[in-house]
Amino acid sequence: MSDLAHDILLLGGTTEASALARALAERGMKARFSYAGRVDTPRPQPLPTRVGGFGGAEGLARYLADEGITHLVDATHPFAARMSANAVAAARMAGIPLLALTRPPWSAEAGDRWQDAPDIAAAVAALAGPPRRVMLALGRMHLADFAAQPQHHYLLRLVDPPSAPVPLPDHHAVIDRGPFDVDGDTELLRRHRIDLVVCKNAGGEGARAKLVAARKLGLPVLMVQRPAQPARAEAHDVDAALGWLQRTAARCATAGGGAHAASPDTERGV
Ligand code: NAP
């Protein structure tokens, strides 16, 4: 694939973003990678990498224009709703095509004991009641919300050691970074005598192991549903994303106006 028509900004922070970064680098395509800067040591990427917010949708639109970005790919986490909304608005402002690299949500299988929570607040409310031993597999961002249910023992799995005191009186933090496997997660749940798993419906393979482990052990799972996302073109794997990049570049070239001539609204449902 020629890289002449591309200067791609890839918004990352997921396994899928890293896979696409590798594919772009292998093809010698001109692209750069962006991290929010949430973890202390982000995975190194084979692309030039920047770290930190852009300053809202306007800031991102300015960055796209100033840097001559031709294609924006949003491969952020399905719960990174603000970034994804900003990406849609900024691509529109800058007049460049946007693709979201997304993963389908998990769905319950035979043997699963899932209860859905529409959002974090609902998950917190659902924990009212007697003390339990809860695996809180939500990352560090929402820990403070669960301080409203201090009666439980919480098992936390975090990428980095907490930088501030954890506001949960009875907790144990395991510092580990996925992907995780079923045997390891089964052993973790057993060792900590967990009786409930709370997690986000992230989808993908890297974090699925805890769900299979919970099924094996007959444990209930409180599953936080995804936030709504704006309509945008979506691809579910690296090959589909590469195909989209090729097609949009070709279309831009035939439109004679460079990549900026493509409209994100014409690319829905790749
Ligand atoms: P968010 O709430 O949607 O975004 C908050 C702000 O962080 C954005 O407005 C943006 O700041 C900045 N930001 C987010 N992603 C960025 C990126 N890739 N590059 C540059 N700036 C970025 O996002 P979040 O839920 O905090 O997630 C932050 C990052 O962690 C994302 O990259 C996401 O993929 C990753 N992540 C999130 C979760 C999760 O459960 N939310 C799980 C795993 C990984 P400005 O407005 O200043 O541009």
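**Helix packing and sheet arrangement in the predicted model**

Helix H5 (residues 182–191) and helix H6 (residues 209–217) pack with their axes 8 Å apart, at an angle of about 55°; axes are lines fitted to C-alpha atoms, for helices over the stretch in contact, and angles run from 0 to 180 degrees between N-to-C directions. H5 is therefore oblique to H6, where angles under 35 degrees count as roughly parallel, over 145 as roughly antiparallel, 65 to 115 as roughly perpendicular and the rest as oblique. The structure is a predicted model, in which local features need pLDDT of at least 70 and side-chain atom pairs count only at pLDDT 80 or more, while totals for chains, interfaces and linings use all residues. Residues are numbered from 1 along each chain as its sequence is written, and side-chain values use heavy atoms, with hydrogens and water left out. Helices (H or I, at least four residues) and strands (E, at least two) are DSSP runs numbered from the N terminus.

The crossing of H5 and H6 is right-handed, meaning that the near helix is turned clockwise from the far one by less than a right angle (anticlockwise for left-handed). On the H5 side, Val182, Asp183, Asp185, Thr186, Leu189 and Arg190 are in contact (heavy atoms within 4.5 Å) with Ala209, Lys210, Val212, Ala213, Ala214, Lys216 and Leu217 of H6. This contact comprises seven nonpolar, one polar and five charged residues; Ala, Val, Leu, Ile, Met, Phe, Trp, Tyr, Cys and Pro count as nonpolar, Asp, Glu, Lys and Arg as charged, and the others, Gly among them, as polar.

Helix H2 (residues 56–66) and helix H3 (residues 81–94) have axes that come within 8 Å and cross at roughly 50°, which makes H2 oblique to H3. Their crossing is right-handed. Among the residues of H2 that meet H3 are Leu60, Ala61 and Leu64, and the H3 residues include Met83, Ala87 and Ala90. The contact of H2 with H3 has 11 nonpolar, two polar and one charged residues.

Six strands form an open sheet in the order S3-S2-S1-S4-S5-S12, with parallel pairing; two strands pair if DSSP finds at least two bridges between them. Strands S3 (49–51) and S12 (233–235) each have a single partner strand at the edges, so one side of each lacks a neighbour in the sheet. The twist from one strand to the next averages 25°. Within the sheet, S4 (residues 71–74) and S5 (residues 98–101) pair in the parallel sense over three bridges, and Asp74 has Ala100 in S5 as its bridge partner. H2 also packs on the sheet, touching S1, S2, S3 and S4, with its direction at about 150° to that of S1. Helix H1 (residues 15–26) lies across S1 (8–11), S2 (31–35), S4 and S5, and runs at about 155° to S1.
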